[in-house]
Amino acid sequence: MTRVFGRRIYAGDALLWVIGMSVTLIWIVPLVWMILSSFKPEGEILTKTPQLLPSEFVLNHYLTIFKQPVLKWFINSAIVALGGTVLTLFVSATAGYAFARFSFRGKHTWFALLLATLIVPFEVTMIPLYLLMSGLHLTGTLIAMILPDAASAVGVYIFRNFFLSFPRELEDAAAMDGSSAWGTFFRIALPLARPAILAVAILGFVGLWLPKTLSAQLMAFKSQAARR
Amino acid sequence: MDSLKNTFYYVIIVVPAQVVLGLVFALYINKRLFGHEISRMAFFAPFVLSVSVVGIVWGWILETRYGLLNLSLGAIGLPSNTPWLSNINWVMIGIGLSSLWWHVGISMVLILSGLQNIPVELREAAVIDGANPWQVLRHVTLPLLRPVAVLVFILALIDAMKVFGQPWFMTNGGPAGASTTVVYDLYLNFQSTKMGYASAIGFLLLVIILIIALIRQIALKEDLT
């Protein structure tokens, strides 16, 4: 045990720290390398003696990106992500509220079924989904990329659990004052559900914004409308 | 079915490594040494990348002659001619390395949350009773971590069963079909409009994943008793 700047440093911890920091560095290398490679001239990316820093900073690659209709792609992504998030929020909030507050026949069975969809991988539903979209004449449109994500089991689950822990008296008071079920939901329950809304919105937006290789492939299949 | 065999091979390589490395990283971060916030961010950062980025970057890194990995191995005197992506026996290990880099962060975060739920008093009591750090880990921390570990293991397993993007971007299922996984096979048949065969693969995958989920249910039930 030695003292550095008045703090006790154990030899074991110091060794652990060195190893930990080395692994951290290794973990960062691919990321840093990717970013620096984007500034390298074409011939320098794969060389016998790899240079971490480019010999000269080249902006060519970025110019090439902007020569393509990048703005159009960006707008496509934004429409899908924003539209999908709003739709997911609406469906999840209403469904979650219904599961938490109303009693109807087979409620628990329906909820269990909904949660069961979480373990079904997207790849399994891909083909039925494609046939469904093609039956609706929606292949190659952005709507086809938004609709499948509108029903989010995770979203419904988050909203249901939130509303279950929500004081019922507030809604009862609104009902006493003559508010309808919809009115209570939109004016009382939803404005107070901000944590749940944020959680579902962030999850939904990230999921929809990241390039979804499969769904993009699926929807572009046989029709090129979404790319133009 | 070759694609099923390839996928199981990949699962056996990746899943244990991802869980064990996630546990090691989480234990390191939980020691809260100087700069552990930086390490935590670095380990988790790759997880937010999309599979296309991971596939392209690791395609460069694993290149046999000029790839960063082989050049680095050569620089420290290790064999530097491993054909990571162009040999039937190595291709899944190469893809596995990229997956490990990409997904170990989520295992780490889940295990870390499990670690932080273990009351400090339990470990303190063990130390007072004279247990050394290894005994505390082996007889206090790890047993209490079991429910989280089962969850992490099952999530990693389901994830690995569904591997698709990495072979798609890095190897196109090759060489000689050695990295054609179940979902990649499904995709190929879907592309050549053999819908019936593709649907059958999809259903088979669902059955396998349902069985895994069922095993998890049983494993966790056992924990309650």
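This briefing walks through chain A, one of its helices and one of its loop residues, then turns to chain B. The model is predicted, so local features need pLDDT of at least 70 and side-chain atom pairs count only at pLDDT 80 or more, while totals for chains, interfaces and linings use all residues. Residues are numbered from 1 along each chain as its sequence is written, with chains lettered from A and ligands numbered from 1 in the order in which they are written.

**Chain A overall**

- Chain A has 11 helices and two strands, where helices (H or I, at least four residues) and strands (E, at least two) are DSSP runs numbered from the N terminus.
- Along the sequence the pattern goes β-β-α-α-α-α-α-α-α-α-α-α-α.
- Take the contacts in chain A with a separation of 6 or more: 72% of them come from residues 24 or more positions apart. A contact here puts two C-beta atoms, placed from the backbone, within 7 Å.

**Helix 3 of chain A**

- Helix 3 (residues 70-101) of chain A runs for 32 residues and spans 46 Å from first C-alpha to last, close to the 46 Å expected at 1.5 Å a residue (1.5 Å times one less than the number of residues).
- Its buried residues include Val80(A), Gly84(A), Thr88(A), Tyr97(A) and Phe99(A).
- Those buried residues pack against helix 4 (107-116), helix 6 (143-150), helix 7 (153-164), helix 9 (181-192) and helix 10 (194-209) of chain A.

**Phe39(A)**

- Phe39(A) sits in the loop between helix 1 (11-37) and helix 2 (60-67) of chain A.
- Because Phe39(A) has 16 C-beta neighbours inside 10 Å, it counts as partly exposed.
- Setting aside neighbours within four places in sequence, Phe39(A) is in contact with Pro54(A), Phe57(A) and Val58(A).
- From Phe39(A) to Arg105(A), 66 residues along the chain, the C-alpha atoms are 62 Å apart.

**Where chain B touches chain A**

- The contact draws 37 residues from chain B and 26 residues from chain A.
- Helix 11 of chain B gives the most to chain B's side, with 10 residues.
- That side of chain B splits into 27 nonpolar, seven polar and three charged residues. Ala, Val, Leu, Ile, Met, Phe, Trp, Tyr, Cys and Pro count as nonpolar, Asp, Glu, Lys and Arg as charged, and the others, Gly among them, as polar.

Conventions
Buried ≥ 20, exposed ≤ 12 C-beta atoms within 10 Å, placed from the backbone.
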